[in-house]
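Please examine the sequence and the structure shown here before reading on.

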Amino acid sequence: MSWVFLSLRKMQLKQRLSVYQNRLTQISQKLMDMQELAASVADGKITYQEATSGASSMFGTQLNFLGQSSNIAYQSAQIKTNAYLQQMQAINQNTGGQYQYALDPTSMTSYMQNGQIQPYLIFNEIYQEELKAYADQYAQTLNREEQDLEQEKLTLETQIKAIQAEYETVEEQEGQNIQNDAIKLS
């Protein structure tokens, strides 16, 4: 009669194995989606093609990244541009307007237009740097999440192996108990 209890245990193990395998599949899929997302945001932007070809499970995450990165980069670039221009103006005033002549024109050509420093060019450069910095920070966060998922995946794989081993043992023992409990006709 102990084979009945073994059958029940086998059923429990099968259910637990199914739950763990399902979770393992979910984690594997999420890891692939996160790696794709990390590749998309590496340059600080998500292109239309990256957004449409990306995993649908990450679409909301992509939109959040776009909104946050753009907003943070814009605010930071605005503050830094204003600070830079104020600093340049103060230095120029303190030197009686001579500081602009001391600047290396080749280093300032990306900011100059018609011989004048253009704030929007400074802003654009700082904005692009801030987008990249946000993407790097975001990539670190994704990396930590991936490591956590990898650890959970490893734990699940270990538990699945243990359940499979116990299942095989219970199955063998159940077979032996059925044979032992069988009525023998002589």
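Helices (H or I, at least four residues) and strands (E, at least two) are DSSP runs, numbered from the N terminus. The model is a predicted one, in which local features need pLDDT of at least 70 and side-chain atom pairs count only at pLDDT 80 or more, while totals for chains, interfaces and linings use all residues. Residues are numbered from 1 along each chain as its sequence is written, and side-chain values use heavy atoms, with hydrogens and water left out.

Helix α1 (residues 2-41) gives the most to a nonpolar patch, contributing five residues. The patch, of about 560 Å², is made by Trp3, Val4, Phe5, Leu8, Met11 and Ile178. Patches consist of residues with over 30% relative accessible area and no salt bridge; like charges are joined within 9 Å, and nonpolar side chains (Val, Leu, Ile, Met, Phe, Trp, Tyr) within 5 Å. Accessible areas come from the Shrake-Rupley method with a 1.4 Å probe, and for residues only the protein chains shown count as cover.

Helix α1 has 40 residues and spans 58 Å from its first C-alpha to its last, close to the 58 Å expected at 1.5 Å a residue. The expected span is 1.5 Å times one less than the number of residues. Among the buried residues of α1 are Leu6, Leu13, Leu31 and Met34; buried means under 20% relative accessible area, exposed over 50%, and partly exposed in between. These buried residues of α1 pack against α2 (48-53), α3 (59-94) and α6, where contact means heavy atoms within 4.5 Å.

A search of the whole structure finds six salt bridges. A salt bridge is a side-chain nitrogen of Lys or Arg within 4 Å of a carboxyl oxygen of Asp or Glu.

| Pair | N to O distance |
|---|---|
| Arg9 and Glu166 | 2.8 Å |
| Arg23 and Glu152 | 3.0 Å |
| Glu130 and Lys80 | 2.6 Å |

In the last pair, Glu130 lies in helix α6 and Lys80 in helix α3, so the pair ties together parts that are 50 residues apart in sequence. Glu130 counts as buried at 16% relative accessibility, and Lys80 is partly exposed at 41%.

Glu146, in helix α6 (residues 119-181), is buried yet has no salt bridge, and the nearest side chain of opposite charge, Lys153, is 11 Å away. Here Lys and Arg count as positive and Asp and Glu as negative; His and the chain ends are not counted. Leaving aside neighbours within four places in sequence, Glu146 is in contact with Leu31, Met34, Gln35 and Ala38.

Technical notes: Buried < 20%, exposed > 50% of the residue type's maximum accessible area, 1.4 Å probe, protein only.
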